[in-house]
Amino acid sequence: MRLFKKTSPRRSRVRKSISAGRSLQINRLADTDVIISLLLWLLFVIVCITILSFDSIYQARFLDLVLLSVIVVLVSVAAAFYIHHYQQRIIKNHARAIALVGLFVFLLATTKIGILFAKHTAWATGTAVTAAIILTIAYNQRFAIGMSIFYCLFACFAVGPMTSTASAPFLSLGGMGDEYQLTNFNLFLTMSAGIITCCFSLREVRTRMKLLEVGTLASLMVFIIALALGFLPHPSGVDKIFLNAGIHAGVTLGVSVLMQGLLPIIEKVFRIATSMTLLDYSDANQPLLKKLAMEAPGTFSHSLLIGSIAEAAAEAIGRNGLLCRVGAYYHDIGKINKPTYFVENEMGSISRHKELSPAMSQLIIVGHVKDGIEMAKEYGLPTVLRQFIETHHGTTLVEPFYNLALSKAEGEAKKKHEAGLPQSGQAPPSESEFRYTGPKPRTKEAAIVMLADTVEGAVRSLPEVTPTKIEAVVHNMAMKRLQDGQFDECDLSLRELSQIEASMSKTLAAHYHGRIAYPKAPDESEGMQSGQAERKKQLTS
């Protein structure tokens with residue numbers, strides 16, 4: 001009888017909502033990005049198993065092949081969940097996903113070939129440090145440490161049990177095929193020491209010596225760990241232990257030298273810009289900045305001020321201040337095409353927008369964003385800097401021309417009404433027609449540059465600038481952008497927004513500080529007074 005029991009309407013609604021939620025989850029799993037990512041994951045697993053089980057396949061040990069396949073699948077699943085949790089953008093950015101898979105496959109293949117031909121586990125340490133350096137540069141320290149640990153697990157299986165050189169038809173590195181070497185857990189600890197040292201000491205690459213400094217420190221840590229692990233079981237002579245530790249440390253140092261030369265290639269493959277590259281683009285002799293200074297000097301001065309404001313605000317919340325400063329330098333390069341249509345480049349002349357309709361003026365103002373993006377592509381500006389060009393206005397409203405168009409439409413309607421003429425029936429201008437096309441800022445650095453651009457213009461328009469008025473203007477503009485939804489896609493918290501406001505108010509107050517009037521010399525003041533008295537006498541006479 002319970003099978004035919006009636007269900008209440010509330011229960012039916014609950015079941016419908018549950019089924020709708022399940023169908024939504026199924027649709028998410030069926031997303032194209034997810035399917036492509038799963039195919040890449042499957043390709044990585046197949047290639048990884050092929051590389052790591054080369055010995056088992058060659059010697060027809062199929063049970064070892066099956067067991068190794070199970071381990072590789074489980075570790076790969078864990079790595080996939082780690083990527084999904086900490087770097088979900090890789091799922092949608094297929095170029096980054098292919099680069100990450102290609103990096104792991106290439107390093108594992110290098111390790112396996114090095115073990116087969118050179119018969120030394122230092123190959124694994126070298127490739128692990130390589131993975132740590134590249135991932136730290138391309139992503140962040142936490143993600144680099146996690147993924148490098150996963151790589152160390154794969155590298156240990158790539159090394160496998162070290163056989164005697166006498167039974168293997170390959171060369172040995174340093175004649176150490178039959179002698180003491182780091183294997184298994186000791187090798188994992190040595191690799192971990194190298195990658196953790198690299199990840200923690202390589203926060204940003206601002207100088208050309210940074211990678212060498214990191215490599216030197218990592219090689220020192222690898223040498224100490226390898227030496228300590230060698231003395232724990234005390235399997236052979238002291239000289240062999242020192243030689244083995246020295247080889248691991250030397251390979252680590254050599255990797256840092258190699259990475260120094262490969263840094264431009266790493267930046268191009270992962271589409272990133274290191275701090276050293278950003279410093280190069282901050283040079284005023286860069287073609288775009290030089291052109292901006294020559295053809296739109298007011299915009300160039302404005303960009304320099306925005307850069308200092310944004311850099312201080314970014315550092316106040318622990319973000320990349322250098323990126324904000326350099327991004328601010330380039331955010332208005334689109335104004336180069338029509339510089340005189342922007343108020344900072346008018347130089348006291350009559351505004352050219354007086355001859356144009358509000359709609360035409362709006363097209364010119366909004367067009368500087370699209371012009372800037374095209375110029376950035378033409379000059380090969382890094383992708384990380386282009387975001388500041390396309391997002392520094394978000395989808396905000398061009399209020400001056402929208403209000404002007406609205407007042408004109410209302411004025412024409414009023415005139416027709418007074419003249420007794422029929423109304424045209426044309427709808428008033430909508431806000432969507434006078435908004436920037438976006439997109440909204442997706443990073444906190446882009447949101448900071450947007451807000452800095454807004455508050456600098458608002459403070460500049462004040463008739464009298466005081467610290468109190470600056471704080472009020474900065475807070476009002478920040479709340480206006482927040483309520484307009486411009487910060488919805490960049491994960492900016494209210495606490496961070498408050499810290500940004502305080503930093504910008506302080507920087508603007510320091511820039512617009514008052515000055516003491518220069519004192520006049522006594523003889524100059526007396527001469528001026530006597531001259532004024534003589535002119536008065538001449539006028540009265």
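Lys480 is partly exposed, at 35% relative accessibility, where partly exposed lies between buried (under 20%) and exposed (over 50%), with a 1.4 Å probe and protein chains only. Welcome to this predicted model, in which local features need pLDDT of at least 70, side-chain atom pairs count only at pLDDT 80 or more, and totals for chains, interfaces and linings use all residues. Residues are numbered from 1 along each chain as its sequence is written, and side-chain values use heavy atoms, with hydrogens and water left out.

**Salt bridges**

- The structure holds 12 salt bridges, each a side-chain nitrogen of Lys or Arg within 4 Å of a carboxyl oxygen of Asp or Glu.
- Lys480 pairs with Glu399 in one of them, at 2.4 Å from N to O.
- This pair links distant parts of the chain, since Lys480 is in helix α20 and Glu399 in helix α18, 81 residues apart; helices are DSSP runs (H or I, at least four residues) numbered from the N terminus.
- Glu399 is partly exposed as well, with a relative accessible area of 29%.
- Asp484 and Arg435 also meet in a salt bridge, at 3.3 Å from N to O.
- Here too distant parts are linked: Asp484 is in the loop between α20 and α21, Arg435 in the loop between α18 and α19, 49 residues apart.
- Asp332, Lys335 and Glu344 are joined in a network of salt bridges.

**Pockets**

- The largest pocket has a volume of about 2100 Å³; on a 1 Å grid over the protein atoms alone, a pocket is an open set of points where a 1.4 Å probe fits, with protein on both sides within 12 Å along at least five of seven lines.
- Its lining has 50 residues, with Arg89, Tyr139, Arg319, Leu323 and Thr443 nearest the centre; lining residues have an atom within 4 Å of a point.
- Helix α17 (residues 383-391) provides the largest share of that lining, six residues.
- The second largest pocket has a volume of about 1100 Å³.
- Among the 32 residues lining the second largest pocket, Val343, Glu344, His393, Pro400 and Gly457 are the closest to its centre.
- Helix α19 gives the most to the lining of the second largest pocket, with six residues.

**A nonpolar surface patch**

- Leu217, Leu220, Met221 and Ile224 make a nonpolar surface patch of about 330 Å²; patch residues have over 30% relative accessible area and no salt bridge, and nonpolar side chains are joined within 5 Å.
- Leu220 sits in helix α10 (residues 210-231) and is partly exposed, with a relative accessible area of 45%.

Terms used
Patch = residues over 30% accessible without salt bridge, like charges linked within 9 Å, V, L, I, M, F, W, Y side chains within 5 Å. Areas by Shrake-Rupley, 256 points an atom, 1.4 Å probe, with all protein chains shown as cover. Helix = DSSP H or I, 4+ residues; strand = E, 2+ residues; numbered from the N terminus. Points joined across faces, edges and corners; volume = space filled by probe spheres on them.
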